[in-house]
Amino acid sequence: MKALRTHAVGGPETLTLDEIDTPTPGKGEVLIDVKACAINYPDTLMIRDLYQFKPERPFAPGGEIAGVIEAIGEGVEGWNVGDKVLAGIGTGGLAEKVCVPAARMFSVPNGVPYEKAASLMMTYGTTIHGLKDRGHIKAGDTMLVLGAAGGVGLSAVELGKAFGARVIAAVSSAEKGEIAKKAGADDVVIYPKGDMDKAASKDLANAFKAACGPDGANIVYDIVGGQYSEPALRAIAWEGRFLVVGFPAGIAKMPLNLTLLKSCDICGVFWGAFTAREPEKFRAQVDELFAMLKDGRIDPLVSETFPLEHGGEAIAKLENRQAVGKLVVTME
């Protein structure tokens with residue numbers, strides 16, 4: 001079988017397509033014939049040894065897959081060869097086949113394409129946990145989403161609308177703004193791509209405030225970080241919740257006096273740790289997401305697919321912040 005693997009610290013261009021032995025499922029595991037693997041931001045970090053979890057090399061990146069059960073290991077019950085499944089696996093997804101603990105799998109409903117199934121768990125899973133458990137979202141809230149045209153950002157737009165919020169999408173271009181509007185955003189703010197001086201940062205804060213309205217944003221969903229975080233914090237509502245989801249633009253240095261003045265919270269959203277600490281709640285949220293997918297309240301946007309041998313191009317595109325929606329590597 002083929003796998004796209006990293007052998008040394010480096011960027012997407014260092015990945016190699018290797019021929020390796022097909023793994024055998026151990027106790028409690030199944031072998032999945034991978035059909036699709038979604039690319040996510042942690043993939044860009046892991047191959048550069050910049051993520052909090054550093055797998056032993058060589059390894060295949062790719063933490064979110066969908067496929068078909070090909071073989072079942074000892075002690076696995078409730079699953080059959082041929083079942084259509086998805087799984088969050090951390091690493092190993094950019095391979096034709098992978099062994100997965102049965103406890104990490106979910107059944108994919110009939111009619112859901114592999115590409116969309118593989119795109120659901122990490123982005124929408126992160127967001128439903130963030131909005132419900134950390135942001136305590138409720139109908140009538142105003143929510144500002146930074147990086148609203150990426151995979152996680154679009155999930156925030158869709159879920160925010162599904163939960164009854166007014167959603168302001170912050171994006172880097174008019175084209176991305178149109179994509180966010182199609183996903184349901186009520187308004188769009190376009191922020192500058194280059195470095196901002198103090199005046200530009202103030203202008204962006206004022207633009208956020210104008211879009212959010214006089215009461216400000218009850219929830220700021222920050223997927224971007226860097227120089228964009230402080231202007232968003234300045235637009236937060238009294239007792240608002242600022243959710244830290246990611247920081248591809250860098251780790252922000254926040255003026256904590258603003259949290260006092262707004263009596264607001266800055267909350268981390270660490271979905272991976274949540275899934276391990278509260279597995280029953282996690283599974284219930286995945287079931288809720290499938291129900292929302294079935295009735296049309298959410299619909300993952302897969303903007304581009306890549307064959308396995310070009311999986312590094314997908315990682316590079318995400319790393320360079322050129323992706324819209326989800327990028328997915330397919331095995332066929």
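Mentor: Just after helix α3, H136 takes a positive phi of about 50 degrees. Helices (H or I, at least four residues) and strands (E, at least two) are DSSP runs, numbered from the N terminus. This is a predicted model, in which local features need pLDDT of at least 70 and side-chain atom pairs count only at pLDDT 80 or more, while totals for chains, interfaces and linings use all residues. Residues are numbered from 1 along each chain as its sequence is written, and side-chain values use heavy atoms, with hydrogens and water left out.

Helix α3 itself spans residues 121–134 and is mostly covered, with 12 of its 14 residues buried. Buried means under 20% relative accessible area, exposed over 50%, and partly exposed in between (1.4 Å probe, protein chains only). Among the buried residues of α3 are M121, H129, L131 and D133.

One of these, L131, also belongs to the largest nonpolar core, of 52 residues, where L131 and L86 are among the members that touch the most others. Such a core is a set of buried Ala, Val, Leu, Ile, Met, Phe, Trp, Tyr and Cys residues joined through side-chain atoms within 4.5 Å. Helix α10 (residues 279–294) gives this core its largest share, 6 residues.

Leaving aside neighbours within four places in sequence, L86 is in contact (heavy atoms within 4.5 Å) with residues including M121, A66 and F290. A66 is also the bridge partner of L86 in β5. Strands β4 (residues 64–72) and β5 (residues 84–88) run antiparallel, joined by 5 bridges; two strands pair if DSSP finds at least two bridges between them.
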